[in-house]
Amino acid sequence: MERKKKRRLRWIMDTRPPINQPTQGSASGRFVSQESSIGQPQRRPHPDIDAHVKHLVNDLKSSSVQVQREAAAGLRVLSRHDPEKRIAIAENGAISPLVDLLKSTDSMCQENAVTALYNLSINDNNKAAIAHAGAIEPLIHVLGNGSPEVRQNAAAALYSLSFAEEIKLKIGRSGAILPLVELLDNGTPRGKKDAVTALFNLSTAQENRIKIVQGGAVKHLITLMDPATGLGDKAVTAVLANLAATPEGCFEIGREGGVIPLVDVVELGSAKGKECAAAALLLLCISRDIYCHIVLREGIVPSLIVLAMTGTPRAKDKARQLLTYLRNYQRAVAQAEPGRG
C-alpha cells in the first residue's frame, strides 16, 4: 500500500496547465485558453468518474493530512487536461473543501489545492463558483505567505479568475496587488511570469491601475524588460501600456527610467511588444514634452516608420500617431526658438 502511495505522488510532478501569453488586442491585449460554456452541450454523466470524484471530495474532509494531501493531488491531476472532468469535479462539490485546504498548515495540501483550483477556474462557470466559495481572500493569503510553488500557482489562479469583470474588481479590492508586486520582485522565474499575467488582467480595470502604480510595480516591470530576465517583452509592455493610460502611471514610468527600454522594444522587440511599447510611448509623449525629447534623442523615428508599414494593425496606428505627434512637437520647438539676425 505504501509503495502505491509513493508511485502516485511521483506521478504528480507538474499538474498545472500552462498559462498562455497575451495575443493581440487593445492597449490591454487579451489572453486565451479559457473555457467558455456558451453554446456547449451539457456534460454527459460518467458514473465511474463521478464516483471517483465523490470519493476524493470525501477524502478532502478527512481528519488525516496525508489523506487530504492525496485527495487534493488526485483532483489536481484529474483537472489538468479534461474540460469535462473540470465540470464533474465542480458539480460533485470539490470547490469548497479545496478552498478550505488553502488554510491548511501543510504546504503540499496548499499546493495541490491551489493548483486544482487554478485548473478548475479555466472553466468559465467554475470561476463564479470559486469566487462565491470565498476563495479570493485565502488565495491572496497563500500568495503572500506560501511556498514558492504555492505563490506562483495562487497568482495563476487569480489571473484566471480575473477574466470575469466583477471578480477582477473584487481581487483588486481584496488586497491582491501588493503580494503580486512582491512576487514580481522576489518570485521564481515562473512566479514572476504568473505575477505579470495576473497584473495584466487586473490592469484592464481602471480602478486597479492606480493601485498597481502605487504598489511599486513599475520599477519591477521595467527591470523585467531586460532580455536577460528571459521573461519576454509582450506581457510586461502590455501592463505598462495599461498603466501609461493614467497620469500616475506615466509619471512613474518616466521616473523609473522606462522610456528608453520602451524605445528599445520598439526597435528590437516582438510584434506584440512593439505594439504595446508604441502605445505606451504615445501616451507618455502626450503627457510631457520631455518624453518627446528623449525618444527623438534615442533615434526612434526610423523604427516607427518601419513599424507604421509592417506592424500589427494596432501597432501601425500607434506608430503613425506617435510620428505625427513627434513631428508637431519638433515644429513647435522650432517655432519657439528665437530667430537670428
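Which side chain meets that of Lys211 in a salt bridge? The partner is Glu207, at 3.9 Å from N to O. A salt bridge here is a side-chain nitrogen of Lys or Arg within 4 Å of a carboxyl oxygen of Asp or Glu.

This is a predicted model, so local features need pLDDT of at least 70 and side-chain atom pairs count only at pLDDT 80 or more, while totals for chains, interfaces and linings use all residues. Residues are numbered from 1 along each chain as its sequence is written, and side-chain values use heavy atoms, with hydrogens and water left out.

## Salt bridges

The whole structure holds 12 salt bridges. The table gives some of them.

| Pair | N to O distance |
|---|---|
| Lys211 and Glu207 | 3.9 Å |
| Glu165 and Lys168 | 3.3 Å |
| Glu137 and Lys170 | 3.5 Å |

Helices are DSSP runs (H or I) of at least four residues, numbered from the N terminus. Lys211 and Glu207 are 4 residues apart in helix H13, so about one helical turn separates them. Lys211 has 30% relative accessibility and counts as partly exposed. Glu207, at 32%, is also partly exposed. Shared partners join Arg173, Glu207 and Lys211 into one salt-bridge network. For accessibility, buried means under 20% relative accessible area, exposed means over 50%, and partly exposed lies in between (1.4 Å probe, protein chains only).

Glu165 and Lys168 are 3 residues apart in helix H10, which again puts about one helical turn between them. Their surroundings can be read from the accessible areas. Glu165 is partly exposed at 43%. Lys168 is buried at 7%.

The pair of Glu137 and Lys170 has its closest N and O atoms 3.5 Å apart. Glu137 sits in helix H8 (residues 136-145) and Lys170 in helix H10 (residues 165-173), so this pair ties together parts that are 33 residues apart in sequence. Glu137 is partly exposed, with a relative accessible area of 39%. Lys170 is partly exposed at 35%.

## A buried arginine

Arg209 belongs to helix H13 (residues 206-214). Arg209 is buried but has no salt bridge. The nearest side chain of opposite charge is Glu165, 8.9 Å away. For this, Lys and Arg count as positive and Asp and Glu as negative; His and the chain ends are not counted.

What does the side chain of Arg209 reach at 2.6 Å? It is the backbone oxygen of Ser203. Contact means heavy atoms within 4.5 Å. Apart from neighbours within four places in sequence, Arg209 is in contact with Ser203, Thr204, Asn242, Leu243, Ala245 and Thr246.

Thr197, in helix H12 (residues 189-203), is buried at 1% relative accessibility. A polar atom of the Thr197 side chain lies 2.9 Å from the backbone oxygen of Asp194. Such a polar contact is a pair of N or O atoms within 3.5 Å; within protein, one must be able to donate a hydrogen and the other to accept it, and residues adjacent in sequence count only if both atoms are side-chain atoms.

## Helix packing

Axes are lines fitted to C-alpha atoms, for helices over the stretch in contact, and angles run from 0 to 180 degrees between N-to-C directions. The axes of H14 (residues 217-224) and H15 (residues 234-243) come within 9 Å and cross at roughly 145°. That crossing is left-handed, meaning that the near helix is turned anticlockwise from the far one by less than a right angle (clockwise would be right-handed). Val218, Leu221 and Leu224 of H14 meet Val236, Val239, Leu240 and Leu243 of H15.

H14 also packs against H11. Their axes come within 9 Å and cross at roughly 35°. This crossing is left-handed. On the H11 side are Val181, Leu184 and Asp185; on the H14 side are Ala217, His220, Leu221 and Leu224.

Pro179 lies in H11 (residues 177-186). With 10% relative accessibility, Pro179 counts as buried. Pro179 and Leu143 are 36 residues apart in sequence, yet their C-alpha atoms are 6.4 Å apart. Beyond neighbours within four places in sequence, Pro179 is in contact with Ile140, Leu143, Gly144 and Arg151.

## Helix H16

In H16 (residues 247-255), the buried residues are Gly249, Cys250, Glu252 and Ile253. Their cover includes H13, H14, H15, H17 (259-268), H18 (271-287) and H19 (289-297). Just after H16, Gly257 takes a positive phi of about 75°.

Definitions and conventions:
Helix = DSSP H or I, 4+ residues; strand = E, 2+ residues; numbered from the N terminus.
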